[in-house]
Amino acid sequence: MNSKKKFVHYLLIDGTSYLYRSYYSFSTLSNKNNTPSGAIYGVIKMLKALSKKYPKSQIIIIFDSPTKNFRHILFQPYKANRPSMPTNLKLQIKPLYEIITAMGFPIVIIPYFEADDIIGTLSHAANKEKKFTLICTNDKDLAQLVNVNVNILESKFNTILGEQEIKHKYGVIPTLIPDLLGLMGDKSDNIPGVPTIGKKTALTLLKHFNSLEDIYIHIDEISQYSFKRAKHITEMLMIHKNLALLSKKLATIKTDVIINKSINEIKMSKPSIHKLTHFFKYYKFHHWLKLLRE
């Protein structure tokens with residue numbers, strides 16, 4: 001893969017993904033006042049590592065809006081299976097935003113939209129300019145955005161995924177990820193999919209047809225292929241057509257969110273040493289405090 005040799009113009013960081021990963025990785029961390037700081041510590045640590053590895057790249061951190069979004073209007077049980085945010089994590093959100101801003105990194109949050117849709121819009125803008133972009137995340141949904149100019153940097157494994165890697169990992173090309181989830185559903189987001197159709201059947205269907213819509217156009221042809229339970233699959237697809245199309249819509253990331261600045265205008269700024277000193281003292285981040293003083 002040649003993406004590792006390309007100059008990375010933009011790093012779009014899925015801040016929500018980083019936030020939860022950090023919280024559970026450092027859940028016991030707190031200062032002497034028992035103020036929780038694990039999520040703050042983990043996110044800052046990852047941001048420092050990324051800025052060191054990609055010193056000339058424009059870094060933008062994107063977080064979910066705390067409000068419900070258009071997917072909840074389409075399907076009320078969307079993500080209803082997820083537990084509410086832990087109180088110890090809620091306490092860290094505001095100071096984390098303040099620290100990130102003090103470090104000079106821009107934060108983008110848009111009411112009624114998930115981080116995925118903002119990332120989708122920004123990566124789409126970068127792609128139009130043919131500027132190579134890395135999306136830093138562990139979220140499989142964002143794999144659908146991958147193309148020649150947009151790759152995924154999996155923070156969990158520190159690996160870069162291009163089009164071929166996505167196909168190898170998920171069994172379909174990036175643009176078919178929503179179709180795959182439309183068929184098999186996604187338990188993590190409570191997207192229903194078509195009952196009794198799992199990943200294996202969904203992948204087999206998408207090998208023979210170009211999209212979910214194409215399956216329905218040629219649904220009478222399913223029995224012509226060597227599908228196990230072809231009659232049952234056809235029946236389930238017919239009965240649950242609306243559910244399948246809704247599931248695909250829920251899984252499709254928007255690329256047209258209205259953002260008040262273009263991607264070129266979302267700039268990094270000079271760090272505030274004064275504010276960072278205050279926060280690092282308060283949270284007892286002694287190593288980073290020492291680096292500031294030096």
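I looked up the largest nonpolar core of this predicted model. A nonpolar core is a set of buried Ala, Val, Leu, Ile, Met, Phe, Trp, Tyr and Cys residues joined through side-chain atoms within 4.5 Å; buried means under 20% relative accessible area (1.4 Å probe, protein chains only). This core has 56 residues, and Ile 62, Leu 122, Leu 183, Leu 205, Ile 222 and Leu 237 have the most contacts inside it. Helix H5 (residues 115–128) gives the most to the core, five residues; helices are DSSP runs of H or I, at least four residues, numbered from the N terminus.

I noted that another core, of 37 residues, lies apart from it, with Val 8, Leu 19, Ile 99 and Met 103 among them.

Next I read off the pockets. On a 1 Å grid over the protein atoms alone, a pocket is an open set of points where a 1.4 Å probe fits, with protein on both sides within 12 Å along at least five of seven lines; lining residues have an atom within 4 Å of a point. I found about 1,200 Å³ of space in the largest pocket, a volume being the space filled by probe spheres set on the points. Its lining has 36 residues, and Thr 16, Tyr 20, Asp 64, Lys 79 and Arg 82 lie nearest the centre. H1 supplies the largest share, five residues.

I then looked up the second largest pocket, about 260 Å³. H13 gives three residues, the largest share of that lining.

For the record, residues are numbered from 1 along each chain as its sequence is written. Local features need pLDDT of at least 70, side-chain atom pairs count only at pLDDT 80 or more, totals for chains, interfaces and linings use all residues, and side-chain values use heavy atoms, with hydrogens and water left out.

Notes
Buried means under 20% relative accessible area, exposed over 50%, partly exposed in between (1.4 Å probe, protein chains only). Helices (H or I, at least four residues) and strands (E, at least two) are DSSP runs, numbered from the N terminus.
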